[in-house]
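This briefing takes a structure one topic at a time. Keep the sequence and the 3D view open while reading.

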Amino acid sequence: MAAKRVELMLCTGTGCVAGGCFRIKKALEEEIARHGLQDEVSLVQTGCNGFCGQGPLMVVLPEQIFYGWLKPEEIPFLVQEHFLKGRPVKKLMFVPPEKKEPIPLLGDIPFFRKQMLLVLRNKGVIDPEKLDDYLARDGYLALEKVLTSMRPEEVIEEVIKSGLRGRGGAGFPTGVKWTVCRKEPKTPKYVICNCDEGDPGAYMDRSVFESDPHAVIEGQTIAAYAIGAAHGYIYVRSEYPLAIKRMQIALDQAKENGLLGEDILGTGFSFDLEIREGSGAFVCGEETSLIHSIEGKSPEPRQRPPFPAQVGIWGCPTVINNVETLASLPVIMLRGADWYSQIGTATSKGTKIFSLVGKINNTGLIEVPMGITLREIIYEIGGGIPENKQFKAVQTGGPSGGCIPSSHIDLPIDYESLKEVGSMMGSGGMIVMDEDTCMVDVSKFFIQFTNDESCGKCSVCRDGSDALLEVLTRITNGEGREGDVEFLEELAPAVKDASMCGLGQTLPNPVLSTLRYFKDEYVAHISEKKCPAKACKALIKYYIDPDKCPGCMLCLKNCPSGAIKGESKHIHIIDQTVCTKCGECLEVCPPKVSAVVKLSGREARELKSLDAPIPAKEWKARKAQESRTVTK
Amino acid sequence: MAKLTLDDLRKKRDEAQKGIYLREGEFRGKIIVHMGTCGIAAGARAIVAAFLDEVAKSGLNDIMVTTSGCAGLCSKEPMATVEILNSPPVRYGELTPEKARKIFKEHILGGMATVEYALGIGSERGA
C-alpha cells in the first residue's frame with residue numbers, strides 16, 4: 001500500500017449529509033484529481049464527528065486541523081492552499097463565538113477538549129463501512145479475549161464490577177440484568193439491541209450506529225456469550241436510514257469474516273444477529289412494547305414482572321440493552337473493570353453521550369465522564385448561550401425527564417443527582433433553554449409529544465395526558481383559570497403512579513419539574529395573563545415605540561401579514577387585529593433603532609397606539625410641546 | 001471470503017493498522033517539503049512522491065510527510081526540512097528525488113543527517 005501524507009476525515013453523519021457533505025466530497029475529489037494529489041491525499045468518509053453545529057465539516061490528518069461550515073465553492077482554494085502548498089486556510093477554521101482568532105487544531109477547540117471518548121472512541125477516525133478500519137483500532141480484540149480466555153460467568157462478573165448501568169434511561173445495572181437472564185433455565189435466549197431512539201432532540205444511538213457499527217456488534221456478541229444467547233436482534237427505527245444501511249453493511253462484513261454466525265473465530269461459540277426495523281412509535285423504546293413489535297404484534301407494553309430477562313421475546317429469556325451500553329462493552333472487557341470503574345462517580349461509572357441542542361453555541365454530540373457538571377457542559381463544551389443571553393434551564397431525559405433550573409448549574413451529572421432534582425438521565429438528550437423560553441410552553445410541548453405517542457392501552461396515560469394537555473394549552477392561550485395549578489399538581493403524580501409502563505410513568509415529569517422550579521410562571525400566565533418569557537403568542541403583543549421609530553419601512557416591508565401601517569419617515573403602527581405575532585418586525589428592526597418591542601401582561605393589555613401613522617417630525621414636535629406643558 | 005480464525009484476525013488487524021497510521025497521531029519524525037510556487041516549479045512534487053515511496057517501502061508508521069509554504073530561500077528549492085523528535089530540525093536544499101531517497105535512508109533510517117545536502121541546522125528565530 002502506498003503511503004499517504006494527508007487524510008481528510010470528512011464527516012458523513014446524518015447532520016452533515018443534510019448539510020451537503022456529499023457535494024463537498026465531490027468537489028474535493030475533483031480538485032484532488034485536478035492537482036494530481038490522489039496518491040498523496042486520501043479522503044475518508046467517517047461517521048458523525050460530533051460538532052454538528054459546524055457541519056459540513058472535516059478534520060485534516062495528521063495535523064488534526066478542523067474545518068467547518070464548508071462550501072463547495074471554497075474547496076478549490078482549500079485544496080490548492082492546504083493540501084498542495086501546505087498552508088492551512090484560516091478562514092475555514094473554527095472561530096469561537098465572540099472571538100476573532102480561529103482555533104486551527106481539533107484538540108485545542110474547547111468543544112472537544114473536555115470530552116472523554118470511550119463509546120465514541122472511533123468517531124471521525126474510521127470509515128464505518130470498512131471492517132479493516134475498525135480492526136485497526138483494536139476492533140474485535142475484546143471479543144477475542146472474551147471467547148478465548150473468559151467463562152461467561154467471568155464476563156458477567158467483570159461487567160458487574162465495572163459498574164456499568166443501562167444507558168437507555170433507567171440505569172439498571174447491566175451485569176445484574178444479565179445474571180437474571182443467565183440463570184433462567186429456559187432456552188433459547190435472546191439479546192436485543194435497543195436503537196429505538198425517540199426523544200425529540202436526541203441522536204446519540206443513531207450516531208454510534210453511523211460512526212462505529214462494529215462496536216455495537218462486538219458488544220452485543222459479548223453480551224450473547226455472557227448470557228448464553230445464540231440469536232439476537234437489532235431493533236432500530238426506520239427513520240434512521242443511514243444508520244440502518246451502515247449497520248447492515250457491518251453485519252454482512254462480520255458474517256462474511258466469521259465474526260458472527262456459526263463457530264465464531266473457530267472458538268465453538270455461535271451467535272447470529274439480524275436487524276428489525278420499527279416504525280417510529282415512541283412507545284417501542286419500552287422493552288415489552290419493543291418485544292411485541294418484533295413479534296409482529298401491536299406495540300403495546302405489558303405488565304412487568306415477569307421481566308424480559310425472564311420471559312421475553314417468543315416467551316424466552318431476553319436481555320435488552322441500549323446501543324451505548326453495548327458499545328461500552330468492548331472497552332470494558334479490553335481495559336478491565338478496575339480501569340473503567342475509576343471513571344465517573346460513586347454510583348455512576350464511565351462516560352455518557354449527550355446530544356447538546358437548543359439555545360447553545362456549540363450544538364453537537366458529546367461524550368463526557370459521569371460526574372461532570374452542567375456548567376462545564378454548557379459553558380465550556382457548549383460555549384455558552386448565543387447572544388450572551390441568560391441560561392434558564394436544561395431539559396435532560398427528553399419527554400420523560402425534567403427541567404433543571406440554572407440554580408443547579410453546578411450539579412454533577414449522574415443517575416442519582418439528576419433524579420434528586422426531578423429529572424433523569426434518560427437516553428441523553430440535553431436541551432438548553434434561555435431567557436426567551438417559556439417553561440409552561442415547554443411542558444406543553446413535551447406533553448403534546450407524549451400524548452401523541454401514548455399507545456392508549458392504559459387509561460391513566462391516555463386520558464391523563466389528554467387532561468394535562470388541555471389545561472396546559474388553556475394556560476398558554478391565556479385562558480388559565482384559578483385552580484389549574486392545583487389540578488396539575490394533583491393529576492401529574494397520579495398519572496405517574498398509576499401508569500403501567502415507563503412512558504406514562506415518566507410523562508408528567510416535565511410538568512412536575514417546571515411546577516417545582518417555575519411555578520411563578522404558571523401563576524403569571526393564569527392570574528396576570530402574562531407570559532414572563534414573552535413566548536406564548538396569545539399573551540404577547542408587538543409594539544412599535546413612536547419615540548424610537550424613524551419610519552424606515554423595514555418592518556413594514558418584511559411583515560408577512562401586512563399588519564404594519566406607515567410610510568417613509570412616518571411612525572409605523574401595528575394593527576393588532578391583523579398581526580400574527582411571527583416576530584419578523586422585531587428581527588428586522590436594526591439593533592441601533594430597536595423600536596419594536598414585545599409586551600406581555602398588563603402593559604400589553606393597556607397598550608395604546610396611535611390611530612394612524614403620522615410623520616416622525618410631527619410626533620417629535622408633539623412630544624416637545626407636551627414636555628413644555630409639563631414643565632410649565 | 002473465508003471465515004477468519006483467530007490467527008487470521010490478528011494478521012488482518014496488524015495489516016489494517018498500517019493503513020491508518022496517520023490517524024493515531026504519534027510521530028517520531030516529520031519530513032516537511034516546502035511547496036511554495038517556487039518549490040513546486042523547481043520540482044517539489046517529485047520530492048514528496050519520493051519520500052512517500054520510501055515511507056511505504058520502509059513500513060515505518062511513525063514518520064509523517066507533510067508540506068508547507070515557501071521557506072524563503074527560493075533559489076535553493078526544492079527544499080525539505082527533516083524533524084526528528086528531540087533533535088534539531090535539518091533543512092536540505094536543491095533536492096532531487098535521488099537525494100531525497102538518500103536523506104531518507106541516512107537521516108530517517110540511520111539517524112545521521114546527510115550533511116552534504118544540508119543547508120543548516122535549526123529554524124529561523126521568531127520575533
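In this predicted model, the centres of domain 2 and domain 5 of chain A, taken over C-alpha atoms, are separated by 60 Å. The domain assignment places domain 2 at residues 131-340 and domain 5 at residues 539-631 of chain A. The assignment also gives domain 1 (6-109), domain 3 (351-434) and domain 4 (439-527).

**A sheet in chain A**

- Four strands of chain A form an open sheet with mixed pairing, in the order β2-β1-β3-β4.
- Its edge strands are β2 (41-46) and β4 (65-67) of chain A, each of which pairs on one side only.
- On average, neighbouring strands in this sheet are turned by 20° against each other, direction ignored.
- Strand β1 (residues 6-11) pairs with strand β3 (residues 58-61) of chain A in the antiparallel sense, over 4 bridges.
- A:L8 has A:V60 in β3(A) as its bridge partner.
- Helix α2 (residues 21-34) of chain A packs on the sheet and touches β1 and β2 of chain A. The direction of α2 makes about 160° with that of β1(A).

**Helix α21 of chain A**

- This helix covers residues 509-527 and bends by about 95° at A:F518.
- Of the 19 residues of α21(A), 14 are buried, so the helix is largely enclosed by the rest of the structure.
- After α21(A) comes A:K529, which has a positive phi, near 50°.

**Where chain B meets chain A**

- Contacts link 29 residues of chain B with 29 residues of chain A.
- On the chain B side, α1 (6-19), α3 (44-58) and β2 (63-68) of chain B each give two or more residues.
- The most come from α1(B), with 8 residues.
- This side of chain B divides into 15 nonpolar, 9 polar and 5 charged residues.

Definitions and conventions
Residues numbered from 1 in each chain as written. Chains lettered and ligands numbered in written order. Predicted model: local features only at pLDDT ≥ 70, side-chain atom pairs only at ≥ 80, totals over all residues. Domains from an automatic or database assignment. Bend = angle between axes of the 7 residues up to and from the residue. Buried ≥ 20, exposed ≤ 12 C-beta atoms within 10 Å, placed from the backbone. Contact = placed C-beta atoms within 7 Å. Nonpolar A, V, L, I, M, F, W, Y, C, P; charged D, E, K, R; others polar. Pairing = 2+ DSSP bridges. Axes fitted to C-alpha atoms, helices over the stretch in contact; angles between N-to-C directions.
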